[in-house]
Amino acid sequence: MEGLAGLGMALLAAIAGAVLVERLTRPGEGGERIGPLPLPELLVEGWLNIDGAAPPTRESLAGRHVVLYFWSTDCLPCLQTLPSLARFNERWQERGVEVVALASDPSSRVGAVEAAIRRVQGMDWPVAYGAGMVFNQLGVNATPTYLLFDKKGVGVWRGHSVQGLEDELSLRL
């Protein structure tokens, strides 16, 4: 019996440890102010939703608050957030806020990215695919993640919810 009890205790400890790790690494609802982080060149495999226009660049985004939305089509919370982001975009674009979505999906999964765009009414902002290099440059390793850049192209906030993003912008504009 002592062997089974010991095994049971070890199993319970392993489960408790796994739950703790998951809770400590799960993206939260709020966000954090970040130090000066320059808006990088948006080096991606390709762009969707730009209707023949030139893809966004640091230069074309200058003078606007920029939200980089990091996501992927195999991230259920990312897909669930897209309608909220569309409503956010509708409220904030007239106030000088530009949303740019960066999907980690490579060009071989561009069909999945296009399908996600079609499913969300109002998802009319530029969407990149194959954006792994930008994820790496900015240290993004969880999705969904939002990075807010000010009008000078300096990163000022990072978070994981539309509400946190909206709260931060409300303080700035």
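**Ground rules.** I number residues from 1 along each chain as its sequence is written, and side-chain values use heavy atoms, with hydrogens and water left out. As this is a predicted model, local features need pLDDT of at least 70 and side-chain atom pairs count only at pLDDT 80 or more, while totals for chains, interfaces and linings use all residues.

**Entry 1: H3 and H6.** I took helices and strands as DSSP runs numbered from the N terminus (helices H or I, at least four residues; strands E, at least two). I looked up how helix H3 (residues 76-92) sits against helix H6 (residues 162-172): they pack at an angle of about 20°, and their axes are 10 Å apart. That makes H3 roughly parallel to H6. The word covers angles under 35 degrees; over 145 is roughly antiparallel, 65 to 115 roughly perpendicular and the rest oblique. Axes here are lines fitted to C-alpha atoms, for helices over the stretch in contact, and angles run from 0 to 180 degrees between N-to-C directions. I also noted that H3 and H6 cross in a right-handed way, meaning the near helix is turned clockwise from the far one by less than a right angle.

Which residues meet? From H3 I listed Thr81, Ser84, Leu85, Phe88, Arg91 and Trp92, and from H6 Val162, Leu165, Glu166, Leu169 and Ser170. Contact means heavy atoms within 4.5 Å. By class, I have six nonpolar, three polar and two charged residues where H3 contacts H6. Nonpolar takes in Ala, Val, Leu, Ile, Met, Phe, Trp, Tyr, Cys and Pro; charged is Asp, Glu, Lys and Arg; the others, Gly among them, are polar.

**Entry 2: the buried side of H6.** Buried means under 20% relative accessible area, exposed over 50%, partly exposed in between (1.4 Å probe, protein chains only). In H6 I found Val162, Gly164, Leu165, Glu166, Glu168 and Leu169 buried. The buried residues of H6 pack against H3 and several strands, including S1 (31-38) and S7 (154-159).

**Entry 3: the disulfide.** Counting cysteine sulfur pairs within 2.5 Å, I got one disulfide. Cys75 and Cys78 form it, with sulfur atoms 2.4 Å apart. The torsion about their S-S bond is about 80°, so the disulfide is right-handed. Cys75 counts as buried at 8% relative accessibility, and Cys78 does at 0%.

**Entry 4: Val134.** I placed Val134 in helix H5 (residues 132-137), and at 0% relative accessibility Val134 counts as buried. Val134 lies 93 residues from Glu41 in sequence, yet 8.0 Å from Glu41 in space, C-alpha to C-alpha. Leaving aside residues up to four places away in sequence, Val134 touches Pro40, Glu41, Leu42, Leu43, Val44, Phe70 and Leu102.
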